[in-house]
Amino acid sequence: MQFHHHGYVSTDPRVQPAAGVGLDRPDDLPETVDVLIVGTGPAGMITAAQLAQFPTVSTRIIEQRPARLAIGQADGIQARSVETFQAFGFAERIIAEAFRITEMAFWKPDPNDPAKIVRAARTRDDPTGISEFPHLLVNQARVLDYFAEAMANAPARMRPDYGYRFRDLEITDGDYPVRVRLEHTAGEREGQSRTVRAKYVVGADGAHSRVRDAIGCMPQGDKAFHAWGVMDALAVTDFPDIRTKCAIQSGTGGSILHIPREGGYLFRMYVDLGEVAADDNGKVRETGIEAIIEQANEILHPYTLDVREVAWHSVYEVGHRVTDRFDDVPADAVGTRTPRVFIAGDACHTHSAKAGQGMNVSMQDGFNLGWKLGHVLAGRSPETLLATYSAERQVIAQNLIDFDREWSSMMAKRPEEFESPSALEDFYVKTAEFPAGFMTTYQPSMIIGAPAHQRLAGGFPIGKRFKSAPVVRVADANPVHLGHHHRADGRWRIYAFAADPTLVGADVSVLDRWANWLGAAAESPVVAYTPKDADLDTVFDVKVIYRQEHTGVDIGAVPTIFRPAVGPFHVVDYEKVYATDPQVDIFAERGIDRRGAVVVVRPDQYVAAVFPLTATAELAAFFDQILLPPLEFS
């Protein structure tokens, strides 16, 4: 964490100085806003938290509940989400209070007595080390609390506006073309209507989204005609793996997905209630908690479960649906106009809860959309940027539905229906990268470059998230993870990896020439798109990684683009110069070419492009299609 560069700070350094709309934020919902977000679930809150970093953008987020969420239905936090929490500044704190999953146990019918279950296998949760961050379980309500804190501490000083229900919207003309009709749901004005006009609307209002219906998006998919009871409970039991994540298949055919919760005592169980008749018409959802507990005990035999308290329970039927688009632009109008209304999270995709994907994928929807809206409304990028949201996230949602359909159907199978006894655990291990959130690959677009130079940095695949690795900060010899300094502040990251000075014929001066061009040439994106009188790293956070150890780097000779003067006192930022960690060589780990490379990373942590250090014209051309001149920047 960096602070003091604007003057001495003795209070909480996580609280950024208020700026722009955060200096005089009205308490009541105003009549006009730049962005109106409907719904304070994970998708809505991360979108708001990202937009709160843009102080010139007026954003409000509304919720029909009168107050914060008390009990969340989602609790699985995949490693990709924890990476995202790091960008918003609360990964360490939420890890400390969460339950960490390190392995999964698989229970099956005892071959000698199928009426009983026995532990058949244990698998590591992350056997290949795909992330340095853990797989967590924590109440969704706490995740939302952390995003609310990030919003409140950001320059725009955002906070949710509770007690408003979305009724409908109409897209008209003018500076604020989306007219939204709301209804008060609490307080003295309960039942009264009011209208807000917005430049853009984000519908993060859940599986029964009214915003989705208002723009004519159609959920497509089907039901699996299978029901599950779910409960968060405190119980006394002799089941030995009550504090371990488990997939349990009984001889009677019923199954349980068991998930320990944070705090050391609470757990969640998804209990198989069996197939549902096509003409059931939702009757299975009336199944009471006593029946769910009874079914759980039958599956767990010979073990018993004495439930002492149920914090929350529900019954749901598995469905797999994804909308045909994620914004208000019909397929036949794509490319002819830019979107004004977007949907995110469960409003776009619904699936079973057993893969732990709902909250995680929803947050990536919001992270993807938030910085794009911020860039457009702050004048950094053209409106065409907004079309990439639906193009990128709709594909990811369909991949999620396909994965969840296979996983949930396997969980519902009887043991004898599998081709091999280890089929379930084999699938869990083989597909670990997908539920962890690391299979997302965005295709070439205005913000994803072509793979022409991918060979220069094979371990940073273009379109995938930037996979961090250990380095050593030169100025203070501190070992750090390179990607952990990527904050959700709306900036692009440019990482320059130096050439190998031991390579025969290597041009070791190529890095200095590239750095001098980036810091001074008129066509450099840093020069071209940084506002006048702003800090040099306002739009681009440029870092260098040297191949030698930190003792071999003369920081005084490092080009100034990597040592920018920042803040009103023009003090030097020393946290952009890194060297190789002697324990883990990032150049070897990430396949960096010995001639060096440039890796460009989007504000949402996805690799956008890879270039040689000599390709200055290509780097400039890449950003020329994304960013606007600073005269239009606000």
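Rings of Phe, Tyr and Trp, the last through its six-membered ring, count as a pair if their centres lie within 6.5 Å. By this rule, the structure holds 25 aromatic pairs. Please keep in mind that this is a predicted model. The chain is divided into three parts: domain 1 (20-89 + 139-220 + 321-431), domain 2 (99-137 + 223-319) and domain 3 (454-625).

**Aromatic rings**

- A pair of aromatic rings is described by the distance of the centres and the angle of the planes.
- Take Phe540 and Phe623: their ring centres are 4.9 Å apart and their planes stand at 85 degrees, over the 60 that edge-to-face requires, so this pair is edge-to-face.
- Phe540 sits in strand E22 (residues 540-546) and Phe623 in helix H13 (residues 616-624), so their pairing ties together parts that are 83 residues apart in sequence.
- Phe623 also pairs with Phe622; here the centres are 5.2 Å apart and the planes are at 80 degrees, so this pair is edge-to-face too.
- Elsewhere, ring pairs link Phe85, Phe88, Phe90, Tyr146, Phe147 and Phe367 into a cluster.

**A three-stranded sheet**

- Strands of a sheet pair through backbone hydrogen bonds, either parallel or antiparallel.
- In this model, three strands form an open sheet in the order E3-E7-E4, with antiparallel pairing.
- Strand E3 (76-77) and strand E4 (99-101) are the edge strands, each pairing on one side only.
- Two bridges join E3 to strand E7 (residues 135-137) in the antiparallel sense.
- If you want a place to look, Gly76 has Leu137 of E7 as its bridge partner.

**Where domain 2 meets domain 3**

- The C-alpha centres of domain 2 and domain 3 lie 47 Å apart.
- Five residues of domain 2 are in contact with five residues of domain 3.
- The size of an interface is often given as the accessible area lost when the parts come together.
- For domain 2 and domain 3 the buried area is about 320 Å², and carbon and sulfur atoms give 42% of it.
- Which residues of domain 2 supply 87% of the area it buries against domain 3? They are Ile130, Glu132 and Phe133, which supply more than any other three residues.
- How many salt bridges are there between domain 2 and domain 3? The count is zero.

Methods. Residues numbered from 1 in each chain as written. Predicted model: local features only at pLDDT ≥ 70, side-chain atom pairs only at ≥ 80, totals over all residues. Heavy atoms only, no water. Phe/Tyr/Trp six-rings, centres within 6.5 Å; stacked < 30°, edge-to-face > 60°. Helix = DSSP H or I, 4+ residues; strand = E, 2+ residues; numbered from the N terminus. Pairing = 2+ DSSP bridges. Domains from an automatic or database assignment. Contact = heavy atoms within 4.5 Å. Buried area = accessible area lost by both parts, 1.4 Å probe. Salt bridge = Lys/Arg side-chain N within 4 Å of Asp/Glu carboxyl O.
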